[in-house]
Amino acid sequence: MKFAHLADTHLGYRQFGLIEREKDFYEVFEKVIDKIIEEKVDFVIHSGDLFETARPSPMALLTFQKGLLKLKGAGIPMYAIAGNHDIVMRNDSIPPQVIFKKLGLKVISPINTTYMHGDIFIAGLPFYPSSQVKNLKSKLADLSKKAAKHEKSILVLHQGIDKYFGPNFELEIGDLPDNFNYYALGHIHNYINDNFGNGKLVYPGSSEVWKTNELKDYKENGKGFVVVDFDGPKPVVKRVKVDISRTFIERSLDYNKLESGVAGLKETIVGFDKKPILDLKINNVESDTNRVYELIKEELGELSLMIRPTFNMAGEEDIDVIINQKDSLGPVEILKEQLEGYGDDSVTRLGLDVYNYLSKDKIDEADDILNQFFDEYYHSEIRENELKTEDEPEPSDEDHKDVQVTFREVLE
Ligand SMILES: [Mn+2]
């Protein structure tokens, strides 16, 4: 029995606001599907962030449908969970994955947490924000008990784990139940392949460069997915790389040799099938950044999809700032330190979740988790207060009239 494991395909993402980049994500997804079929696997697991948003565009939905049907034609079913991108944190919400159930997609959800594929037990949960981590842990304990009855088991999650992730993690590595054979994870966009318990723990990474800070890992591990051979008791993991056709070029140019530097770069990219994205560092700039900008635009503008220049002025020595990751404080760390002052873990997690949502303009989600938190912790107090407050007065006929007038105005 063999399966493919992928995650974080982010269909519909338009990097730098460029339609070309959106198409790149679709293109690589199609390549991934073709490679999966070539690998002759028995099933596929997608560990979340299938789509960039919980309301994908028709093009994103169609791209997935095409891939799913292609797999179906090859007799390969897909199991999927929702990630933080393709879920809205409301009690009554459903992720877009659900649309594809009728086409055979096996959605792993809080209602449908487990499946059997032959003798393999597949269990999983969608993304849980850290304010819901208590709930997540108790559900994991349930799944672990069920897995104990099976010889071969897979756990599918979309979470950040402290061992591999920054301060925004939801789970510590010790929170994972240790009796599964394969941990099919999503959320981290770099490739991670580790041992855990008696099994394997894998983040296949994103299938395209979603953020430019993924470029280092992309150079080392490529983008793609993994194929897992699960015939023996311990799964054997094979990395399958899928090339992305757009090139990201990072180059330093010297202001005093700008013409020749630019000419050299031009020569490199002139034959490219797809216009590359250029990250240019211009050093020793003397005064006229305009001249530099004009020259770059003139010579490379047509040949590149996007140019991101940074200027270092002459005389300003390059100061090598050695940043000790552990000592450096970003906004998240500062907030965390402040929140920890309350001495209540759940308040810390709530604050960080709210910060994350608000910084992505997800105001409704922030509002929802605040309300959920409030309900959970202060419910009894609300009840008591409700008894004391008088009922709100019923809206009068005057109010209704106002609404009707407005409607009529809109219709006219
Ligand atoms: Mn993601």
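I began with the residues that touch: Leu258, Val262, Leu265 and Lys266 in α5 meet Val292, Leu295, Ile296, Glu299 and Leu300 in α6. Contact here is C-beta atoms, placed from the backbone, within 7 Å. By class I noted 7 nonpolar, no polar and 2 charged residues in the contact of α5 with α6 (nonpolar is Ala, Val, Leu, Ile, Met, Phe, Trp, Tyr, Cys and Pro; charged is Asp, Glu, Lys and Arg; polar is the others, Gly among them).

This is a predicted model, with pLDDT of at least 70 needed for local features and 80 or more for side-chain atom pairs, while totals for chains, interfaces and linings use all residues. Numbering starts from 1 along each chain as its sequence is written.

Next I looked up the axes: those of helix α5 (residues 258–269) and helix α6 (residues 289–300) come within 10 Å and cross at roughly 25° (lines fitted to C-alpha atoms over the stretch in contact, angles from 0 to 180 degrees between N-to-C directions; helices are DSSP runs of H or I, at least four residues, and strands of E, at least two, numbered from the N terminus). α5 is therefore roughly parallel to α6 (angles under 35 degrees).

I then turned to the sheet. I found 3 strands in an open sheet, ordered β13-β14-β15, with parallel pairing (at least two DSSP bridges between two strands). β13 (248–254) and β15 (306–313) are the edge strands, each pairing on one side only. I recorded 7 bridges between β13 and the parallel strand β14 (residues 277–285). Ile249 is opposite Leu278 in β14.

Notes. Angles under 35 degrees count as roughly parallel, over 145 as roughly antiparallel, 65 to 115 as roughly perpendicular and the rest as oblique. Two residues are in contact if their C-beta atoms, placed from the backbone, lie within 7 Å.
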